[in-house]
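Take a look at the protein shown here. This report walks through its charged pairs, a cavity and a surface patch.

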Amino acid sequence: MYKKNIKRVFDILIILLFSLPTVLIGTIIAILIKIDSKGSIFYKQERLGFKGKVFEIYKFRTMVENAENIGSGIKTFQDDPRITTIGKFLRKTSLDEIPQLINVLKGDMSIIGPRPPVPYHPRKYQEYRKEQVKRFTVRPGITGYAQIKGRNNISWDERIVYDIEYVNNLSFLLDIKIFILTIVKVFKKEGIHSNTKEEIHSNTK
C-alpha cells in the first residue's frame, strides 16, 4: 500500500512543505554559479531508474564546464581543481541535489530510494543479478539507505546490498528515519569523499 500509493503522496507533501525556501535558496545558488564560472547552471546526465528506465537527472553544476574531458576525465577526487569555488560548498552541503526535486515532480525519482547509477556503471541493467535488480523495483531517490550508512565511503557493491535491504523493508517509518538521518549527516559533513577517486557521475552523497 505504502510503496504503490502513499510514498508518492509523501514525496509531494515534502516538496510542498519546503517549496518556498527551496525556490529562494535555488535562485541564490543559480546566481552564484553564474558569477563563479562560465557554463550552464544545471548539470544533466542520463541515469538508470525505475524498472531499468533511463531518465535525465538534474543537479546544480559544481565543476568547470566540460569537466569530463579535462584532467582525470570522469574520475573526481577530494580537492579536484575542476570543482568550482561554489561547487565545493554545494557538494559539502548536498545543495547541488536540489534540482532533483524536478525529477521527483516528474515521477522519475522519489525523495527516498536507491541512488540512480548511470546506465553503464557499475554495470548495465541486464548485467545485474536477479537479487540486485530489486533495487530498481522502486523509484530511485535523492537520498537513501546506503547514503545514511556510508554515503560516498562505501563501494557500489556495498551500496547495492543496502539498497536491497531498503526495498525488502520499505515502510513509511523507514523513509522518515532516512530523511532525518540524511539531514544529520549533511550537517556533520560525513562521508562526502572517499579515500579513492570517485566517478563524476557517482557523486551520490
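## Salt bridges, a cavity and a patch

Asp 163 is buried, with a relative accessible area of 2%. The model is predicted. Asp 163 has a charged partner: Arg 135 forms a salt bridge with it, and the closest N and O atoms are 2.6 Å apart. Arg 135 lies in the loop between strand S4 (110-112) and strand S5 (141-143), while Asp 163 sits in helix H6 (residues 156-168), so the pair ties together parts that are 28 residues apart in sequence. Arg 135 also counts as buried, at 3% relative accessibility.

The count of salt bridges comes to nine. Three of them are listed here.

| Salt bridge | N to O distance |
|---|---|
| Arg 135 and Asp 163 | 2.6 Å |
| Asp 80 and Arg 82 | 2.7 Å |
| Asp 108 and Lys 106 | 3.9 Å |

Asp 80 counts as buried at 1% relative accessibility. Asp 108 counts as buried at 14%.

Now the cavities. The structure holds two cavities of 30 Å³ or more.

Last comes the surface. Ile 28, Ile 31, Leu 32 and Ile 35 make a nonpolar patch of about 400 Å². Leu 32 is found in helix H2 (residues 19-36). Leu 32 is partly exposed, because its relative accessible area is 38%, between the limits of 20% and 50%.

Methods:
Residues are numbered from 1 along each chain as its sequence is written. This is a predicted model: local features need pLDDT of at least 70, side-chain atom pairs count only at pLDDT 80 or more; totals for chains, interfaces and linings use all residues. Side-chain values use heavy atoms; hydrogens and water are left out. On a 1 Å grid over the protein atoms alone, a cavity is a set of points where a 1.4 Å probe fits but cannot get out, and a pocket is an open set with protein on both sides within 12 Å along at least five of seven lines; lining residues have an atom within 4 Å of a point. Grid points are joined across faces, edges and corners, and a volume is the space filled by probe spheres set on the points. Patches are made of residues with over 30% relative accessible area and no salt bridge: like charges are joined within 9 Å, nonpolar side chains (Val, Leu, Ile, Met, Phe, Trp, Tyr) within 5 Å. Accessible areas come from the Shrake-Rupley method with a 1.4 Å probe; for residues, only the protein chains shown count as cover. A salt bridge is a side-chain nitrogen of Lys or Arg within 4 Å of a carboxyl oxygen of Asp or Glu. Helices (H or I, at least four residues) and strands (E, at least two) are DSSP runs, numbered from the N terminus. Buried means under 20% relative accessible area, exposed over 50%, partly exposed in between (1.4 Å probe, protein chains only).
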